[in-house]
Amino acid sequence: MEDSLLKLLPSLPSAIISDLLSLGVCVRCVFRFLNMRSVDFAAAIPSCYLLISHLQASMLDSGAQMNGSAEIVPKVGTDSEPQCAVENSAHTIDGGIVEPCIVCLGILQILDDNMHKESVSGTELQRYCYGAKQKIVEAAHKEGHEFDSFCLEVSLPAICVVRERALWYYLKQKYPEEALFSHNHETDHIVTLKEAVKWSLIAPLELLLGAKFDSNSLFRIALLYKHPESLAELDFLGGHVGGDAKRRRHGSVDSGPPAGLAAVAAARTAEAGESLTSVMRALATMSYDSFSRTFTWPPSKPITPCELATMCWRMPVFVGGRYLKYSRNISQSRWMIDDERMGEGSVQEVIGDVVFPPYKGDSYKFHAAGREDIDVRMLGPGRPFIVEISNARVIPSSAEIRKLERDINSLKEGWVKVRELRQVGIDACAIMREGESEKQKEYAAVVWLSRPVTEADFECLSSFKELELQQKTPVRVLHRRSPLTRPRTIHWMRCKEIKGTQNYFVLFLCTQAGTYIKEFVHGDLGRTFPNVGSILGCEADILQLDVMDVKMDFH
């Protein structure tokens, strides 16, 4: 690493580096503004200072002076080579920055423990990372999460973006011939602060956590930076800021952040003023002259550093399968009316009470591809379902999940059985939603006629293919569903006699998802037409109904 950095020496603008350091810009922010993307921000930290020590030595040889808030003095070691000795104004006391960087407000500095090390490996890296990084590690393990990969999410105070803009304009004005600063704005032409934070942390955290960084990992570590002076510094934006401020003035702010700590992170940032997004939008509409008149550049030295809070959680985990319901007295989800339970239990509770505890999550939700009434059984291959577990701290193995399936199926009540229980991805939720409204479903219904059943009735019903219905919202669900007329399709029907009876038979039918089967049989006072009664020219009613199949490719 040191050799690769030393190769950069001839191309580095020494005067600009000296200027930035004297202004109070930390070393890593210097590298950011020089757009040095080839630098490994974690492994290169000690070598970064060694590099600048070499640079300082060459400047002293040429008679140049480097002074200000960051004084770099070359030392001579036993091998007579320059060694790093940085006296930086941003000393740390109990993890706090006394003189924070004027751009990152201490965000990158607080990650630098033992900057003087020239080489870092093994246990040295562990000591090097202790301070702020150790706090992150402690937060990651605080609630007992088990993980082998992690993803970093960084939420920054909006004032850092403003200060970057101010320093960029300063450099443009002072070094008009420098091609590096020839662009109108800093966007896409510097290493962003968020990138630098991640680059500085990923390698050390991989070592300390014993886990690999993976941007797709379900285990998230959120770093929430907040600056106490941010609100006052953002006042200059005034009417340029829209979005969040406007929504607050008109009272249309969402009632609360959506689930997931990424949203909480964004909310924490907005507490210090405007959100990062709205401030960036405001800056995009401000001209160079307008910004220059309203914000000091280079930015002034801050009094206090950013505060860091760390939050860790796991994105939702999904356990899916198919359930069979054999009781006509349990609902799909917990059903309460006036604090009184309806039925003996629910499918959700039978499955959730077994599946949820081993994951040690915060809560769970039960999703299914449609639902059956409390008095309807779910037979055949079963109905697809998903248990969504929030912030699971433990992920059971496949063998342990198979045991959970056996535990459910061995419950003495025997109300509910499950098949194909396994952990699934979030894409399974989309399949579920699609199946709820678009897939075909098969039923078996015991039907009563007001007259004796004939063979001609069977032939009549069986002759219909792709029968189109018009179903008004059933009377029994009008209290919770919009009063609409919904077209539905009966794909096919067939009948079976019940021996020893004259007025009863079994009707098997395949329908479009969302069809109300009970109403198709008895007509619901004419609200479903045609119906079995109108087709056969008599009164019809339904005694029992079973779901025989939910046709979904849910493996």
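Over which residues does the pLDDT stay under 50, and how many contacts beyond four places in sequence does the model have for them? The stretch is 242–260, with 16 such contacts; a contact means heavy atoms within 4.5 Å, and pLDDT is the predictor's confidence in each residue, from 0 to 100. This is a predicted model, in which local features need pLDDT of at least 70, side-chain atom pairs count only at pLDDT 80 or more, and totals for chains, interfaces and linings use all residues. Residues are numbered from 1 along each chain as its sequence is written, and side-chain values use heavy atoms, with hydrogens and water left out.

**Confidence**

- The chain has a mean pLDDT of 79, and 75% of its residues reach 70 or more.
- Residues 114–130 have a pLDDT below 50, and the model gives this stretch 34 contacts beyond near neighbours in sequence.

**Whole chain**

- The chain contains 19 helices and 24 strands; these are DSSP runs numbered from the N terminus, helices being H or I with at least four residues and strands E with at least two.
- Of the 555 residues, 50% are buried, where buried means under 20% relative accessible area, exposed over 50%, and partly exposed in between (1.4 Å probe, protein chains only).
- Among contacts with a separation of 6 or more, 76% join residues 24 or more positions apart.

- Four strands form an open sheet of mixed pairing, in the order β8-β7-β9-β10; two strands pair if DSSP finds at least two bridges between them.
- β8 (212–213) and β10 are the edge strands, each pairing on one side only.
- Strands of a sheet pair through backbone hydrogen bonds, either parallel or antiparallel.
- The pairing of β9 (residues 219–226) with β10 is antiparallel and spans eight bridges.
- Ala222 has Met311 in β10 as its bridge partner.
- Helix α8 (residues 193–209) lies across β7 (149–155), β8 and β9, at about 150° to β7; axes are lines fitted to C-alpha atoms, for helices over the stretch in contact, and angles run from 0 to 180 degrees between N-to-C directions.

**Backbone exceptions**

- Most residues other than glycine have a negative phi, and most peptide bonds are trans.
- Trp297 and Pro298 are joined by a cis peptide bond with omega about 0°, and Pro298 sits in the loop between α13 (288–294) and β10 (307–314).
- Leu105, although not a glycine, has a positive phi of about 60°, and its place is the loop between β6 (96–97) and α5 (123–128).
- Leu105 counts as buried because its relative accessibility is 0%.
- Asp524 is also not a glycine and has a positive phi of about 55°; Asp524 lies in the loop between α18 (517–522) and β23.
- With a relative accessibility of 8%, Asp524 counts as buried.

**Gln134**

- Gln134 belongs to helix α6 (residues 131–142) and is buried, at 18% relative accessible area.
- Gln134 and Leu209 are separated by 75 residues in sequence, while their C-alpha atoms are 9.5 Å apart in space.
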